[in-house]
Amino acid sequence: MRVFTSFIILLLTACASSPPAPVIDRTPQSQPQPPAVKPPVPNPVGKSTGVDKDWRPDSHIVKKGETLFGIGLQYGIDYREIASANNIAPPYPVQIGQKLDLSSFKAAPAVESGVTEDGVVVTPMKTEPAVVADNPVSVNQPANEKPITSAVTPVLSEPKAIREPYSLQAMNRPPSPDPTSTVAIKPGETKPAETKPAGTTGTTATGDEAITWAWPTQGKVVTSFNEATNKGIDIAGETGQAIIAASAGKVIYSGSDLRGYGKLVIVKHNKTYLSVYAHNSKIVVKEGQNVVAGQKIAEMGNTDSTTTKLHFEIRRLGKSVDPTKYLN
């Protein structure tokens with residue numbers, strides 16, 4: 001009996017020292033889903049991103065002290081064109097609160113190319129009309145399915161390569177010149193360096209930007225460009241000193257109707273740019289006259305100024321820009 005009691009005590013001790021078996025939950029658990037990533041939204045070709053956007057409004061309300069000449073300068077538009085669009089007859093009076101329609105002068109947005117948010121210019125690929133096979137049924141298409149006729153493949157129209165049969169003559173033929181070059185280059189020669197007309201110091205890029213600018217007069221720049229206080233640069237000189245057109249264009253203003261500018265000449269170069277020449281002592285061109293780069297248009301003076309100088313501005317779509325960035 002004593003032995004049996006000892007056996008029971010030993011068995012209970014062993015059970016108390018053994019840990020319980022782990023319980024495993026085998027219920028299927030859903031896996032955590034990765035966070036959703038939104039695909040980048042591409043900028044469609046032709047959609048404006050604000051680059052070179054025409055900021056000018058569709059209309060303008062005349063304020064106190066404004067004239068049609070000044071409004072035209074503000075937006076880079078010939079004042080006579082504004083008058084014509086709004087049925088205003090000479091001497092072109094305007095009244096406070098009068099609404100002027102400017103919608104016809106805004107630059108049309110580009111639709112043939114676009115600019116991405118990274119500043120990359122996107123140009124559509126030039127293609128020819130799509131070619132569809134006579135038998136649109138694919139070799140792998142089941143016989144009981146209808147033929148697919150909507151899927152077409154664009155065909156590149158350029159550049160095109162022509163494969164020529166191998167021959168010793170073809171191998172020894174010198175490479176063809178660049179088809180985009182206007183100068184024929186012979187083997188062993190290099191393309192001549194581009195030359196600019198004498199007196200020019202700056203050229204803008206392409207299209208309406210393709211303008212070569214020359215300094216409008218000689219002298220020291222005594223006041224630099226400041227968008228808030230000085231819309232251009234001031235060049236010191238002598239009374240009677242020649243003022244020349246900075247680039248070819250048409251004189252759209254010649255007179256002294258704008259307060260603070262004295263005797264003034266404005267030349268419009270294209271739909272984008274115009275240049276301003278102020279404080280002259282004498283004007284030698286008339287409104288509507290075409291001028292070439294380097295042609296004398298006025299003489300330096302001090303009208304509406306305490307010193308003898310030329311106040312020179314370049315305006316892009318009516319907004320003043322730093323002339324030195326175009327001249328240097």
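The second largest pocket in this predicted model is lined by G65, E66, T67, G70, I71, L73, Q74, D257, L258, R259, Y261 and R315, where a pocket, on a 1 Å grid over the protein atoms alone, is an open set of points with protein on both sides within 12 Å along at least five of seven lines, and a lining residue has an atom within 4 Å of a point. About 270 Å³ of space lies in this second largest pocket, a volume being the space filled by probe spheres set on the points, with grid points joined across faces, edges and corners. Its largest share of lining, four residues, comes from α2, and by class the lining has four nonpolar, four polar and four charged residues; here Ala, Val, Leu, Ile, Met, Phe, Trp, Tyr, Cys and Pro count as nonpolar, Asp, Glu, Lys and Arg as charged, and the others, Gly among them, as polar.

Let me turn to the cavity, meaning a set of points where a 1.4 Å probe fits but cannot get out. A search of the whole structure finds one cavity of 30 Å³ or more, and the largest cavity has a volume of about 50 Å³. Which residues line the largest cavity? They are F69, G72, L73, I77, D78, Y79, I252, Y253 and I266, and the elements giving two or more of them are α2 (68-75) and β12 (249-255), helices (H or I, at least four residues) and strands (E, at least two) being DSSP runs numbered from the N terminus.

Residues are numbered from 1 along each chain as its sequence is written. Local features need pLDDT of at least 70, side-chain atom pairs count only at pLDDT 80 or more, totals for chains, interfaces and linings use all residues, and side-chain values use heavy atoms, with hydrogens and water left out.
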